[in-house]
Amino acid sequence: MNIKILFLLLGGGLWIGCSSSQNTSTSTTKSKLLDDLVAQKSFQIESDQANPLVSGSLNTIANSGLIPPGSTVGTINLIGNPNYFKVKGDSITMYLPYYGEQQMAGAYNNRDVGIEFNGVPYRVEITKNERRNTYKLNYHIRNNTEVYKVFVTLFPNLTSTIRINSNQRTPIGYKGRVSKLSEKKYTSITNQ
């Protein structure tokens, strides 16, 4: 009986050891890919979730049934909605749908439905956390009268978070995936 238990424990330990080394190998491959994407300044992020700052106004909208199916007031499902954050060299092109409140006077017309930018940020900070193999990319952007601080975190499993603070809107976050830059042309809602 004791020999059977010993065999089970050794077999289980060996199985766990092999599966963890496989995960480490996959993790290392993705981590190297992430290092290459950041070093080449050539990657894109597609978000599948928006996380707006929950406010009374957003709660009112949610109560009226205007939140997309599968979403809550604090977590909006973006699957199937066009969105992108692309880095190519020193340039950024982004279109992210916006859910939140405008903080300053000014009109939201049909051209202001999302957060859009195409150009070179006036300030960029990139740091790597060696212990966690994560990257923090901070971009400071001016777009007409609006100023954005964009905080991007890239994780070694190729997931990402984006947090945007604006001088005219309440903060919003996004969760998604980072990948190689595609040559696919994206068009925003305002360009259609």
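Mentor: Start with H140. At 7% relative accessibility it counts as buried, because the cut-off is under 20%. This is a predicted model. H140 sits in strand β7, which covers residues 134-143. Set aside its neighbours within four places in sequence. H140 then contacts P121, Y122, R123 and E125 on one side of the numbering, and Y148 and K149 on the other.

Now the core. The largest nonpolar core has 31 residues. F85, M94, Y139, V150 and L154 touch the most other members. Take F85. Beyond four places in sequence, F85 is in contact with F43, Q44, I45, I92, T93, M94, Y139, V150, V152 and I162. In soluble globular proteins, nonpolar side chains tend to be buried together.

Compare another buried site, I76. I76 lies in strand β2, residues 76-77. Its relative accessibility is 1%, so I76 counts as buried too. I76 and N51 are 25 residues apart in sequence, yet their C-alpha atoms are 6.3 Å apart in space. Not counting residues up to four places away, I76 touches D48, Q49, A50, P52, I67, P68, S71 and Y99.

Last, confidence. The mean pLDDT of the protein is 81, and 75% of its residues reach 70 or more.

Terms used. Residues numbered from 1 in each chain as written. Predicted model: local features only at pLDDT ≥ 70, side-chain atom pairs only at ≥ 80, totals over all residues. Heavy atoms only, no water. Helix = DSSP H or I, 4+ residues; strand = E, 2+ residues; numbered from the N terminus. Buried < 20%, exposed > 50% of the residue type's maximum accessible area, 1.4 Å probe, protein only. Contact = heavy atoms within 4.5 Å. pLDDT = per-residue confidence, 0-100. Core = buried A, V, L, I, M, F, W, Y, C linked by side-chain atoms within 4.5 Å.
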